[in-house]
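Please work through the following exercises with the sequence and the model at hand. Each task is followed by a stepwise solution.

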Amino acid sequence: MDGERNREVELTIPMLQDMELAASRVAEALAEVLKFDEEKRAEVSMALLEACINSFEHSKSEDRKVYITFQTAPDELKITLRDHGVGFQRESIDPPKIEEKLRPGVRKRGWGLKLMESLMDSVAIDSDEYGTTIVMVKKK
Amino acid sequence: MAETFTVNVAQDNGIWIFETHGYINNLAGEAISEKYREAFDQGGRQFLFDLEDSKIINSVGVSILIEILEEIVERNGTMAFCHCVPIVKKTFNIMGITQYASIYETRSEALAAMREN
């Protein structure tokens with residue numbers, strides 16, 4: 001496979017336990033084609049795991065599927081993830097803080113977006129009552 | 001999809017060592033939590049998690065480790081990790097876990113440091 005050409009790969013995964021691993025393996029393979037270093041490959045993989053899990057857990061989509069498009073350019077990998085769920089408001093989600101999470105009775109979860117935004121070069125979210133689209137880009 | 005997760009528990013001079021094998025997801029987190037509870041109930045207060053064979057984690061699994069960390073911090077115990085691959089270290093840094101739990105390169109290094117506590 002020639003890593004210098006633009007390519008597009010589409011993947012649809014069901015919202016089932018551990019299916020996020022299938023998506024992350026495709027991301028990692030494409031990042032390898034683009035000759036991303038090991039650290040960046042792992043970051044892409046982890047960010048996509050988190051994006052899938054967020055969709056699995058919160059979208060309430062009726063078709064229970066996540067639609068992923070991977071687009072490669074010579075110097076970047078762009079991942080677009082869509083679900084047909086109920087959507088969410090990005091601004092309603094406060095960034096999690098460990099000191100708050102360690103308080104008794106506080107829910108420990110809610111780290112997905114923070115991880116995605118920390119691990120990728122850009123993350124754009126478009127969400128409404130018909131579903132959510134997340135576009136994540138990682139540069140080489 | 002993922003291989004079956006397992007966790008082996010051993011004790012070394014009062015330090016409880018959890019050696020994990022496989023993807024740390026929600027189910028793995030619950031399995032770790034169950035073993036941790038047994039150790040805690042037996043008086044354990046120092047816990048080392050050896051992640052050499054857990055190269056993939058997710059935030060749901062790590063959230064269960066934060067539940068464990070909450071109790072350990074509250075009881076003045078110690079939580080530490082060793083053999084973490086770079087993405088696991090980075091994830092723990094982003095989540096702030098490293099403010100409360102040390103990460104060591106090797107198990108022997110971790111045990112030596114924890115014995116001094």
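**Exercise 1: the surroundings of Q71(A)**

Task: Determine which residues Q71(A) touches, not counting residues up to four places away in sequence.

Solution. Step 1: with contact taken as heavy atoms within 4.5 Å, the partners of Q71(A) are R7(A), E8(A), E76(A), L77(A), K78(A) and T80(A). This is a predicted model: local features need pLDDT of at least 70, side-chain atom pairs count only at pLDDT 80 or more, and totals for chains, interfaces and linings use all residues. Residues are numbered from 1 along each chain as its sequence is written, chains are lettered from A and ligands numbered from 1 in the order in which they are written, and side-chain values use heavy atoms, with hydrogens and water left out.

Step 1: the C-alpha atoms of Q71(A) and R7(A) are separated by 5.7 Å, although the two residues lie 64 residues apart along the chain.

Step 2: the side chains of Q71(A) and E8(A) are joined by a polar contact of 3.2 Å (a pair of N or O atoms within 3.5 Å; within protein, one must be able to donate a hydrogen and the other to accept it, and residues adjacent in sequence count only if both atoms are side-chain atoms).

**Exercise 2: chains A and B**

Step 1: K108(A) and E70(B) form a salt bridge, with the closest N and O atoms 2.5 Å apart.

Definitions and conventions
A salt bridge is a side-chain nitrogen of Lys or Arg within 4 Å of a carboxyl oxygen of Asp or Glu.
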